[in-house]
Amino acid sequence: MTYRKADVSSLRMLRKARDRIDRDYREEIAIAALASDAGYSREHFIRAFRAAYGDTPGRYRTRRRVERARELLRSANLTVTEICYLVGFSSVGTFSSRFSEQTGMSPTRYRAEAAARGGPAPIPGCFALMWETGLPDGPAPAAGQDRTSGEAGDPAGGVPSGT
């Protein structure tokens, strides 16, 4: 199957779609929505995307998710299930299958081999999750203020000692 060369504006729209997939790889963005934003029908968009980037939009998104999962498996102390959901898969079975197709090994084996090769110590999972989801909103207690009593520096809950 041959495709004609795409013009510059078509490539620009395809690049915007690819950039959105790169940025929002965790989200379930409908291919039809990407196609509509790029000014294509769904089927024509898939063909044009494959011609420009060598993969369909769905496979490209899956590849990005697996790339991110590989990074987390090497660097974060999270379970395979946590990583599966964190990168946007909704099924551990699908995640493991797609991961194995791309890397030739299961996520657990990939992590074990990465640990055997050495490298930096894994980041604690709570830090990795905070990085992905952000810090909670809310004011921090003032310096020297007790969180339970509301009184500055008074661990007894506001009752003066010795009186």
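Trainee: Which residue forms a salt bridge with Arg 64, and how far apart are the closest N and O atoms?
Mentor: Arg 64 forms a salt bridge with Asp 22, and the closest N and O atoms are 3.0 Å apart; the term stands for a side-chain nitrogen of Lys or Arg within 4 Å of a carboxyl oxygen of Asp or Glu. Because Arg 64 lies in helix H4 (residues 57-75) and Asp 22 in helix H1 (residues 8-23), the pair ties together parts that are 42 residues apart in sequence. Helices (H or I, at least four residues) are DSSP runs, numbered from the N terminus.
Trainee: What sort of model is this, and how are residues numbered?
Mentor: This is a predicted model, in which local features need pLDDT of at least 70, side-chain atom pairs count only at pLDDT 80 or more, and totals for chains, interfaces and linings use all residues. Residues are numbered from 1 along each chain as its sequence is written, and side-chain values use heavy atoms, with hydrogens and water left out.
Trainee: Back to salt bridges: how many does the structure hold?
Mentor: The structure holds eleven salt bridges. One of them joins the side chains of Arg 65 and Glu 28, at 3.2 Å from N to O. Arg 65 lies in helix H4 and Glu 28 in the loop between H1 and helix H2 (31-38), so this pair ties together parts that are 37 residues apart in sequence.
Trainee: And is Arg 65 buried or exposed?
Mentor: Arg 65 is buried, with a relative accessible area of 5%, whereas Glu 28 counts as exposed at 61%. Buried means under 20% relative accessible area, exposed over 50%, and partly exposed in between (1.4 Å probe, protein chains only).
Trainee: Which ring does Arg 65 lie over?
Mentor: Arg 65 lies over the face of Phe 89, at 5.6 Å from the ring centre; for a charge to sit over a ring, NZ of Lys or CZ of Arg must be within 6 Å of the ring centre and within 35 degrees of the ring normal.
Trainee: What about aromatic pairs, how many are there?
Mentor: The count comes to seven aromatic pairs, where rings of Phe, Tyr and Trp (its six-membered ring) pair if their centres lie within 6.5 Å, and planes under 30 degrees apart count as stacked, over 60 as edge-to-face and the rest as tilted. The rings of Phe 49 and Tyr 53 have centres 5.0 Å apart and planes at 55 degrees, so the pair is tilted.
Trainee: Which helix do Phe 49 and Tyr 53 lie in?
Mentor: Both lie in helix H3 (residues 42-53), four residues apart, about one turn of the helix. Phe 49 counts as buried at 0% relative accessibility, while Tyr 53 is partly exposed at 25%.

How values were computed
Helices (H or I, at least four residues) and strands (E, at least two) are DSSP runs, numbered from the N terminus.
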